[in-house]
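Hello,

Here is the structure I am handing over to you. Please look through it first, then read the notes below.

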Amino acid sequence: MTFRILPLFFSAAVLLMAAGCEQPNIYAEIDYNVTLAPSNTYVAGEPVVFNITGNPDNLLFYSGEPGHRYEYRDRYQTTADHANAMRLELSIQHRQGNSEALEIYYSDSFEELSSNPETDRTRLEEMYAGGMEGWTEIEFDDPGGKIDVYFDVGRELPKELASNFCLAFYWCPPEPEDVVDGENITYPHTYMDTYYVNGTLYVDIDGVEMSYKLQDIMGQTFQTDPRVDQPYVNTVNQNGRIRLNAQQDIVFSGAYYDAIQHYCTGWAFSAPRAFLSIDPDEGIVVKNLQNYLDTYEYTFEEPGTYTVTFVGTNVNYQGSSSQVKELTVTVVNPPLQTEPAE
């Protein structure tokens, strides 16, 4: 009897304690509303006021502007029809030499090199001798000699290239002539040009501009002279090499022919790829448990029609609920100011 009664008393005590600690309003299903204030003017540069009623613990706001659209909150990749523009901006310094020795091209149909020197050397020689079919040259004014400052090269690119884009740099100083005397070869004291190149590729996707540093998108390099040891290596700090690991995005490091005893000819390619990645759109936290809010103001700087979205959530250990509220806001230009008649 004793062992049966004690558990009954213990259970009753636990129930009474639980009842005494009960807090019926810890969690409530979300129920709120957002309306536009009657006083709004909807003029660009003037605040739009949203009235908020109800009980959201947390409230997130998407303005509907580029980069802040609710439907793109989970988007990391998009399709080519969302690409509005592409632009390449390069900054180049002709460090040494006296020739126009750098050419720049782009393509949407290049396949990466095979990593077989003989195969790739033949392929690139035929590609260049054939007039660079499938490539478009970015022409620029090379000073043709050493300068102490960078010059800018900027080009708008076809937006269709966002689906597949490859950039190529051809380093092509004039090839010095060997002096052959029987079995003896003399390499002339001729300097082959050096270039520093920095740059950024910009891709506009739905009004959001994504940027890519040139150093981050470069892929392979290949030096075409068979006398170059390890022609694909681009991390060696030596004269007569192409480098991708320097302070600059690309270094075409020239040299005196008699010092290195090979030609400074070669290619640097970006990795052929699509540029359709995009950061997910972000909302603005306008309310959380730490603050009370019954109005929210936001200023649209540009005229247009915006789909504004509020996302309210209530979350704790007992459960969670959320509600999405959408409103359409049309913003117009400020009225033109007219001069008073004299």
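**Pocket and cavity**

The lining of the largest pocket is made up of 6 nonpolar, 2 polar and 3 charged residues. Here Ala, Val, Leu, Ile, Met, Phe, Trp, Tyr, Cys and Pro count as nonpolar, Asp, Glu, Lys and Arg as charged, and the others, Gly among them, as polar.

The model is predicted, with local features needing pLDDT of at least 70 and side-chain atom pairs counting only at pLDDT 80 or more, while totals for chains, interfaces and linings use all residues. Residues are numbered from 1 along each chain as its sequence is written, and side-chain values use heavy atoms, without hydrogens and water.

The residues that line this pocket are L124, E125, Y128, Y170, E175, T224, D225, P226, Y263, T265 and W267. Helix 2, residues 117-129, contributes the most to that lining, with 3 residues. The space in the largest pocket comes to about 170 Å³. (On a 1 Å grid over the protein atoms alone, a pocket is an open set of points with protein on both sides within 12 Å along at least five of seven lines; a cavity is a set where a 1.4 Å probe fits but cannot get out; lining residues have an atom within 4 Å of a point. Grid points are joined across faces, edges and corners, and a volume is the space filled by probe spheres set on them. Helices (H or I, at least four residues) and strands (E, at least two) are DSSP runs, numbered from the N terminus.)

How many cavities of 30 Å³ or more are there? The count is 1, and the largest cavity holds about 30 Å³ of space. Its lining consists of F110, E112, G219, Q220, F269, S270, A271 and P272. By class, the lining of the largest cavity has 4 nonpolar, 3 polar and 1 charged residues.

(Buried means under 20% relative accessible area, exposed over 50%, partly exposed in between, with a 1.4 Å probe and protein chains only.) Strand 11, residues 194-205, runs antiparallel to strand 15 and is joined to it by 3 bridges; V197 has I250 as its bridge partner. Strand 14 (residues 241-243) also pairs with strand 15 in the antiparallel sense, over 3 bridges, with I242 opposite F252. Strands 14 and 15 form a hairpin with 6 residues between them.

**Two loop residues**

Which loop holds Y42? Y42 sits between strand 1 and strand 2. Phi of Y42 is positive, near 60 degrees, in a residue other than glycine. Y42 counts as partly exposed because its relative accessibility is 23%.

Q230, in the loop between strand 13 and strand 14, is not a glycine either and has a positive phi of about 55 degrees. With 49% relative accessibility, Q230 counts as partly exposed.

Regards

Key. Two strands pair if DSSP finds at least two bridges between them.
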